[in-house]
Amino acid sequence: MTTHTLTRYSGTRVQWLVLLLLLVPCVIQAQSAFDVISRNRNLSATNYCIYPDSADMTQTPAPAGKKPFYISHYGRHGSRYIARRKGYDIPLRTLSKADSLGKLTETGRLMLQELREILNDSEGRWGDLTGRGKRQQRGIARRMMERYPEVFQGTAHVDAKSTTANRCILSMGAACQQLTALNPQLQISMKASQSDMWYMNYQDKYLHSLTRDSVAMATYKQFSHPRMRNPRLMHLIFNDSLYLQQEVDNEWLSYYLMKTALIQQNTRMGDKSQMIDYFTYEDIHLFWQRENAYWYLSHGPSPLLGGKMPYSQRHLLRKMIEEADSCILHKHPGVQLRFGHETVVLPLTCLMGINGFDQQVTDLEQLEGSGWWACLVVPMASNIQWVFYRSGPADKDILVKVLLNEQEARLPLPGDLAPYYRWSDFRRYYLKKIADYETQQHTSASALP
């Protein structure tokens with residue numbers, strides 16, 4: 001192990017308080033991702049990060065007379081196992097073959113042994129919600145009720161929906177069980193149906209096709225390629241340089257070993273796995289840069305793809321606005337909970353321009369310095385909450401506050417009440433944004449021969 005190899009760092013509160021401080025723009029400018037990773041390497045995991053459910057989440061007092069009366073939510077499932085066996089099979093096959101030929105160092109053999117233990121723990125659980133994931137959802141639901149008790153009083157209705165993925169259904173169940181435990185009178189309905197997938201997890205084929213754009217792909221490859229190879233790690237694992245050169249895919253083996261190491265914080269292996277100890281600060285930072293750029297191109301507002309990718313969630317945004325319009329007509333509208341995926345939470349965050357995540361950066365080398373960090377948005381159990389306020393059912397001056405991972409967020413809207421915004425301004429701004437995009441796409445399609 002080199003002197004640069006990271007030492008183990010424990011304590012969920014300390015880990016995530018460091019990251020949450022970065023939500024303040026001036027702190028982002030003062031620290032690099034390397035600084036943060038140096039304090040806690042697990043924060044380099046981007047969508048594999050565990051949720052910051054132990055951090056203090058301060059609330060700004062509502063304007064005089066205004067009280068919360070309705071919540072609209074979309075959240076990612078909680079911590080899960082790796083989705084497909086392929087992520088473990090590639091490094092396991094590579095190291096097993098090398099071991100059979102006597103090409104592994106002692107470190108390589110220890111790594112192979114751990115890979116087998118990780119595979120054994122994950123076998124048959126691909127993509128499954130973990131115990132940590134259930135605890136995350138219970139914690140989010142509990143805090144929601146504690147902070148906004150007016151919304152959950154008496155026989156309030158909780159309308160919960162999930163995508164058809166098992167981990168999302170179980171996340172919905174864990175959250176609703178927690179709410180029932182706190183108030184058995186709640187009227188809770190739960191649904192997971194293919195009929196809702198058109199907005200709960202919409203797959204836009206046109207936008208997806210843009211990710212194959214030759215210029216964008218070439219730009220990403222130019223950025224990521226020098227960050228893929230890890231000769232130091234390879235020579236730590238293999239004892240034969242010629243074999244390493246001829247038989248081992250350095251780039252992909254390094255990539256899958258890093259992914260394997262980072263996702264273990266979400267599983268039962270989190271306290272047992274030593275895999276991350278084989279990587280240095282520099283290794284992990286390069287991995288973070290590559291993953292951050294990937295998420296920016298695939299789901300963010302990258303100008304290389306016309307800034308269009310966040311519009312994949314236009315149906316969800318419009319649906320949430322329409323349902324809110326309907327719900328706020330009621331005296332006690334209650335809560336709407338939706339459980340899905342990070343591939344929805346991130347583009348929705350960008351589409352709404354939450355905390356400046358709609359910013360466009362052409363040069364991927366400048367992305368980290370801009371503060372566009374996907375890890376701030378999509379840890380496991382990441383969520384967006386719209387909390388609505390009014391003085392009473394007759395009050396037409398309705399306010400809304402948006403929370404990103406339970407932290408008050410800023411929106412690109414007018415008003416002097418931030419983080420509270422007038423619902424009339426909110427709905428007008430976003431419905432126009434969606435309509436302008438759809439008009440532009442229709443016009444472009446009509447112009448085709």
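**Overall fold and largest pocket**

Of the 449 residues of the protein, 56% count as buried in this predicted model. The accessible surface comes to about 19,100 Å², and carbon and sulfur atoms account for 51% of that area. The secondary structure consists of 18 helices and eight strands.

The C-alpha trace spans about 75 × 60 × 45 Å along its principal axes. Among contacts between residues at least 6 apart in sequence, 80% join residues at least 24 apart.

The largest pocket has a volume of about 1,500 Å³. Its lining is formed by 45 residues, of which Arg-84, Tyr-294, Trp-295, Ser-298 and His-299 are the closest to the pocket centre. Two or more lining residues are given by each of helix H4 (86-100), helix H9 (205-210), helix H10 (214-224), helix H13 (250-263), helix H14 (281-299) and helix H16 (342-352). The largest share of the lining comes from H14, with seven residues. By residue class, the lining of the largest pocket divides into 18 nonpolar, 14 polar and 13 charged residues.

Notes
Residues numbered from 1 in each chain as written. Predicted model: local features only at pLDDT ≥ 70, side-chain atom pairs only at ≥ 80, totals over all residues. Heavy atoms only, no water. 1 Å grid on protein atoms, 1.4 Å probe; cavity = no way out; pocket = protein on both sides within 12 Å on 5 of 7 lines; lining within 4 Å. Points joined across faces, edges and corners; volume = space filled by probe spheres on them. Helix = DSSP H or I, 4+ residues; strand = E, 2+ residues; numbered from the N terminus. Nonpolar A, V, L, I, M, F, W, Y, C, P; charged D, E, K, R; others polar. Buried < 20%, exposed > 50% of the residue type's maximum accessible area, 1.4 Å probe, protein only. Contact = heavy atoms within 4.5 Å. Areas by Shrake-Rupley, 256 points an atom, 1.4 Å probe, with all protein chains shown as cover.
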